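Notebook open, two chains to go through.

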Amino acid sequence: MRVQLNPIVKKDLQVTARSMRFSWGLFAYEAVVALAFLLGLSSIQSSVDGYYGDGNIYQELINLFPVLAIAQVCIVSLIVPVMTASSISGEKERQTFDIMMTTCMSPLSIVFGKVSSAVLRVLFYVMGSLPVMALSFVVGGLSWSVLFYFVLAVIVLSVFAGSIGILCSSLCRRSISAVILTFVMYFVLNILTFCPLFVYLFGSWEEESMGECLLPLLFNPNVFFEEFFMQVMTGESILGSTGESNFIKTEVGYLTYCFTYGKVWVFLSAGCILLLAFLFMLIAAWRIDPLSAAAERKPAKKKSK
Amino acid sequence: MLYINNLTKKYGAFTAVRQLSLHIPEGDLFGFVGPNGAGKTTTIRMVCGLLRATSGSIKIGNIKGAVGSKEMKRMIGYVPDFFGVYDNLKVREYMDMYGSMYGMYARETAKLADDLLELVNLSDKKEVYVDTLSRGMKQRLCVARALLHNPKLLLLDEPSSGLDPRARVEMKELLKNLHSMGKTILISSHILSELSEMCTSIGIMNHGQLITAGRIEEIMYQLSGGKRIHIQISSEMETAVRILKEHAGVVLESVMENEVIITNSGTDEEISALIGALLQNKVILTGFYKEEGNLESLFMQLTGGGEPS
């Protein structure tokens, strides 16, 4: 069987590895993580030394993990959309897009390549920060598998953020407008998944059952990440904690009851987020395909020489 | 090699290409000429699969796949008029990247890239970053890149635009070389003299329509209605004029002191017989030549004076 690395991934990694921007980016990333570590450590120190503290800092060091992880997730959520949002529009601005489209690469493999290279570049950053992360494990009592799950969760989140970025990149001609649209879309998607819950809370709260209004949250990357942390740190769920199941049957609809059972939500949410990401990538591929009906609708623009 | 049948491209109410039908035989070097907005680039982009045709069909060789299919893409090498390159990417890596985009192995690409870079005279630039190359070098690199997957048809959209005279000459020589290697080439250019030197056939477009297409000399002949011949005579001018007037197929265009210009629609043998008749009647000929039409005048005649692009 013939296995070939996606040419776009290969090229992007080659080009990125050589640029000083990547080195400076890595340095800035590590600096922010280190700063979060120091701030977290000083906060833990002051809480341990405080009136209610027992003076044992080692028990509290485990809390450095969410501090560092959330700091990283925030940075990743900012970096990946910027990387992918400027990928297709960047190719168009650089006037390398047409040549790429005349090769045997399909629009979908181009989109996959762009998202993959952004995810891989971000993983370089995350891997680079593992020594700092590891400090909270060494003395905090967390197992190494948690670190592995954390990396997996970051990948899921990066793929999702990257797919929104690439979709916006396929919609916009200019990179800057693609970046702005990406953040707007990311924000709107987050809000949209909460809408049914808001409707229940502010409108029909007197009803006994919430129904299935929590299900759209399966597509919310922030809820996914929070749930992930709750499960890792406490073994409980942010959606409620009533033993094995998070809800009483009458409180929610049947699907919500089943999906919030134990750790089902985390895995299901990861699947839903990846599915949504795949859908965004499919739309992006359709958008960039010059022979698709989507391309037909775009106005012809005079090339600049 | 390339069969275009009733190709039309519309942007709303505007028709960029209208009912274009064209056949380019294998091994031909076909020049596409036309004023700005004539529809040349649109046609080339439709053949490449970069633009969806409103109607009509495009067929390359015996490939059954539709435009934009992998089979079709493998048959085409495309060189746009302007293209960008990536920063921090060396010439060797640039070729390798495009090789893998055509599904070629790195080793296979490396060997081919070496040969092609030598062909385009860039073998000493393999380890140089592409963004540091001159415009002419980038253009030649782009031709090498377009040839990497050994396409049967090479499409060049104004490859000489923006090049200095030396780079133009180099590009022309390169294209002649490729033609001699048997590649079928379609080139659009605004440098008509260059096209007339290189091309075996031309197609002239105006307002989205193909006005004429075929062998350059045939088009010239069709348009002029025959061969224009200058005959320089030092004596017996009256006898010469009489003979020429009597000769079938000869139209006397102008008679000057020592020169007569005629248009002859006959064959080369008939022209030879005409000269023989003049010499037999003691007319002293000091000069005789067939007027070679040029592409500029032909272009101006066909497009009604439109600016070539």
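Predicted model: local features only at pLDDT ≥ 70, side-chain atom pairs only at ≥ 80, totals over all residues.

**Entry 1: a crossing in chain A.** I looked at H2(A) against H7(A) first, and H2(A) passes H7(A) in a right-handed crossing. For handedness I use this rule: left-handed if the near helix is turned anticlockwise from the far one by less than a right angle, right-handed if clockwise. Helices here are DSSP runs of H or I with at least four residues, strands are runs of E with at least two, and both are numbered from the N terminus. The residues making the contact are A:Leu26, A:Tyr29 and A:Glu30 on H2(A), with A:Phe124, A:Tyr125 and A:Gly128 on H7(A). I call two residues in contact if their C-beta atoms, placed from the backbone, lie within 7 Å. Sorted by class, the contact of H2(A) with H7(A) has four nonpolar, one polar and one charged residues. My classes: Ala, Val, Leu, Ile, Met, Phe, Trp, Tyr, Cys and Pro are nonpolar, Asp, Glu, Lys and Arg are charged, and the others, Gly among them, are polar.

Then the geometry: the axes of helix H2 (residues 20–49) and helix H7 (residues 107–128) of chain A come within 9 Å and cross at roughly 45 degrees. That angle makes H2(A) oblique to H7(A). The cut-offs are under 35 degrees for roughly parallel, over 145 for roughly antiparallel, 65 to 115 for roughly perpendicular, and oblique for the rest. Axes are lines fitted to C-alpha atoms, for helices over the stretch in contact, with angles from 0 to 180 degrees between N-to-C directions.

**Entry 2: ground rules.** Residues are numbered from 1 along each chain as its sequence is written, while chains are lettered from A and ligands numbered from 1 in the order in which they are written.

pLDDT is the predictor's confidence in each residue, from 0 to 100. Chain A has a mean pLDDT of 82, and 83% of its residues reach 70 or more. I flagged residues 299–305 of chain A, where the pLDDT is below 50; that stretch has four contacts in the model beyond near neighbours in sequence.

**Entry 3: chain A overall.** I count 14 helices and zero strands in chain A. Of its 305 residues, 37% are buried. Buried means 20 or more other C-beta atoms within 10 Å of the residue's own, exposed means 12 or fewer, and partly exposed is in between, with C-beta atoms placed from the backbone. Among contacts in chain A with a separation of 6 or more, 76% involve residues 24 or more positions apart.

**Entry 4: H4(A) on H9(A).** Here the axes come within 7 Å and cross at roughly 30 degrees. H4(A) and H9(A) are therefore roughly parallel to each other, and the crossing is right-handed. On the H4(A) side I find, among others, A:Val73, A:Val76 and A:Val80, facing residues of H9(A) that include A:Leu157, A:Ala161 and A:Ile164. The contact of H4(A) with H9(A) divides into 14 nonpolar, seven polar and no charged residues.

**Entry 5: H5(A).** Which residues of helix H5 (residues 87–94) of chain A are buried? I get A:Ser87, A:Ile88, A:Ser89 and A:Glu91. The buried residues of H5(A) pack against several helices of chain A, including H4 (64–85), H9 (144–171) and H13 (264–288). Just after H5(A), A:Gln95 takes a positive phi of about 60 degrees.

**Entry 6: chain B.** I count 11 helices and 13 strands in chain B. Its C-alpha trace spans about 75 × 50 × 35 Å along the principal axes. Of its 309 residues, 39% count as buried.

I also checked phi. Most residues other than glycine have a negative phi. B:His207, not a glycine, has a positive phi of about 50 degrees and lies in the loop between strands E8 (201–206) and E9 (209–215) of chain B. B:His207 counts as partly exposed, with 16 C-beta neighbours inside 10 Å. B:Glu236 has a positive phi of about 60 degrees, in the loop between strand E10 (227–235) and helix H9 (237–246) of chain B.

**Entry 7: where the chains meet.** The contact takes 25 residues from chain A and 28 residues from chain B. H1(A) gives the most to the chain A side, with six residues. That side divides into 10 nonpolar, seven polar and eight charged residues.
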